[in-house]
Amino acid sequence: MTSVLGTGLKPAWSWLGVDIYRIFHLAAVFGLTCVVLKVIQLYHQRQELIKAFSRFPGHPTHWLYGHLLQEEEILNKVEQLSQKYPYAFPVWFGSFSAFLNITHPEYAKVLFARGGKGLLVLHGPKWYQHRKLLTPGFHYDVLKPYVPLIADSTKVMLDKWEQLIAQEKSVELFEHVSLMTLDSIMKCAFSYQSNCQTDRSNSYIQAVFDISYLVNHRLRIFPYHNDLIYWLSPHGFQFRKACQLAHHHTDKVIQERKESLKDEREREKVQKKRHLDFLDILLHAKDENGAGLSDEDLRAEVDTFMFEGHDTTASGISWLLYCMALYPEHQQRCREEIKEILGDRTTIQWDDLGKMTYSTMCIKESLRLYPPVPGVSRQLSKPITFHDGRTLPEGSLVAVSIYLIHRNPSMWKDPLVCFLLSLRDPFHRFMVFADAGPQFAMNELKVALALTLLHFELSPDLANPPIKIPQLVLRSKNGIHLHLKKVL
């Protein structure tokens with residue numbers, strides 16, 4: 001049989017006069033070139049980071065993993081490091097990504113004064129524009145009627161707990177509290193009856209939990225820092241699915257309100273309100289040029305407020321009740337104070353909140369020990385110089401560890417002991433809710449604490465203590481389990 005090569009004819013796999021082996025060769029050379037360029041880029045990136053953080057001593061890193069640890073080890077490890085490096089120290093995610101972890105209020109003050117690009121929120125002119133538009137949503141007269149709505153949501157949760165304690169087992173709080181705070185924020189800020197506490201399952205709560213976990217997980221896996229790799233990965237797919245579920249929930253709330261406003265009577269009712277709720281303000285907001293928020297900005301604001309308004313508060317309430325269980329003497333004094341304020345009444349009102357002096361101190365001490373947002377991050381838009389002369393260049397990543405600042409022994413006497421935080425403590429040493437809704441959150445903590453202590457005595461489940469993990473908010477890996485006993 002005559003060989004194709006012997007006849008001088010081109011083989012079938014050679015087309016357009018180009019040998020397939022040449023194509024493979026060029027592809028291999030191109031691929032190798034890309035790899036070499038990427039390695040060079042990563043090398044220079046690492047050298048820049050080493051140079052930027054050279055003025056800040058820190059713990060030795062593993063050549064591949066950096067400072068990566070198991071989730072349940074992170075807070076304990078960085079707390080140990082903060083004893084050795086009391087102002088700030090670098091933390092490496094792998095070999096090519098790092099940030100400066102700030103653990104002292106003097107450093108934090110400089111960063112907040114200079115600002116930068118937030119990694120999870122709007123920044124710059126758009127942030128200031130939106131805050132200006134939304135400030136009326138937190139007016140005194142707006143917050144006042146929210147108290148009975150929050151109380152109603154809390155009572156639904158407490159009724160569920162009363163049924164669960166018949167099983168003589170400890171109750172896992174976090175899931176129930178998350179549903180309650182979501183129910184509250186939907187009623188208060190969006191005038192939306194979700195009935196989420198009585199539904200058998202809630203896809204939004206699960207989506208928020210998945211997003212929190214996956215964001216933290218991505219930071220810890222170096223290849224996932226590349227957008228394309230993460231996009232193609234199973235975790236990237238899971239993240240997109242969770243975001244779609246959250247957006248779907250947000251879009252449903254917005255669209256239902258838009259539809260209701262098409263009704264003339266509903267429109268007149270909204271216009272007659274002395275102060276509008278959060279969603280009213282968003283839908284009617286106009287800037288100086290008469291332009292309202294775009295659909296994208298509208299969704300971003302609702303997403304942010306809904307997420308922060310329920311998840312951070314759920315964390316705060318859950319850890320507060322855990323602290324009450326750990327310190328029965330404080331729990332009892334709070335219960336006595338609340339009973340004295342309410343008298344024969346079984347629910348709480350707006351005017352009662354300002355009288356809860358001792359309970360407020362306990363709440364603040366709980367928030368110091370277990371801040372709902374354990375840290376916030378910034379990317380520097382300009383170089384920064386700290387009070388001791390050390391500097392960081394533009395583009396550096398910086399994290400303020402609220403958790404560690406609240407436990408810094410140079411700032412607090414016996415920082416790990418619950419001792420009642422003074423109401424006169426300087427704000428820069430005590431940072432919890434950093435945006436427009438701190439008063440709303442504090443009111444919700446007071447209502448939830450008061451009604452819970454009126455109904456139950458709390459004690460810890462010693463066989464199942466919480467394992468703290470930072471996932472955007474401070475959570476427990478195994479939940480927060482308490483024993484509940486009905487107050488007679």
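Glu79 makes its contacts (heavy atoms within 4.5 Å) with Tyr403, Leu404, Arg407 and Leu416, once neighbours within four places in sequence are set aside. Glu79 itself sits in helix H3, residues 71–84; helices here are DSSP runs of H or I with at least four residues, strands are E runs of at least two, and both are numbered from the N terminus. At a relative accessible area of 12%, Glu79 counts as buried, where buried means under 20%, exposed over 50% and partly exposed in between, using a 1.4 Å probe and protein chains only. The model is a predicted one, so local features need pLDDT of at least 70 and side-chain atom pairs count only at pLDDT 80 or more, while totals for chains, interfaces and linings use all residues. Residues are numbered from 1 along each chain as its sequence is written, and side-chain values use heavy atoms, with hydrogens and water left out.

Stepping back to the whole chain, there are 19 helices and 12 strands. Of the 488 residues, 47% are buried. Taking contacts between residues at least 6 apart in sequence, 73% link residues at least 24 apart.

The buried residues of H7 are Tyr146, Val147, Ile150, Ala151, Ser153, Thr154, Met157, Leu158, Lys160 and Trp161.

Now for a helix pair. The axes of H15 (residues 328–342) and H17 (residues 357–369) come within 8 Å and cross at roughly 140°; axes are lines fitted to C-alpha atoms, for helices over the stretch in contact, and angles run from 0 to 180 degrees between N-to-C directions. On the H15 side the contact involves His330, Arg333, Cys334, Glu337 and Ile338, and on the H17 side Thr357, Tyr358, Ser359 and Cys362. By type, these residues split into four nonpolar, three polar and two charged, with Ala, Val, Leu, Ile, Met, Phe, Trp, Tyr, Cys and Pro counted as nonpolar, Asp, Glu, Lys and Arg as charged, and the others, Gly among them, as polar.

The loops have a few points to pick out. Val373, in the loop between H17 and strand E5 (375–379), is buried at a relative accessible area of 17%. Asn195 has a positive phi, near 55°, despite being a residue other than glycine. Asn195 belongs to the loop between H8 (173–190) and H9 (203–220) and is partly exposed, with a relative accessible area of 47%. Leu472 is not a glycine either, yet its phi is positive at about 65°. Leu472 is in the loop between strands E10 (468–471) and E11 (473–476), and at 24% relative accessible area Leu472 is partly exposed.
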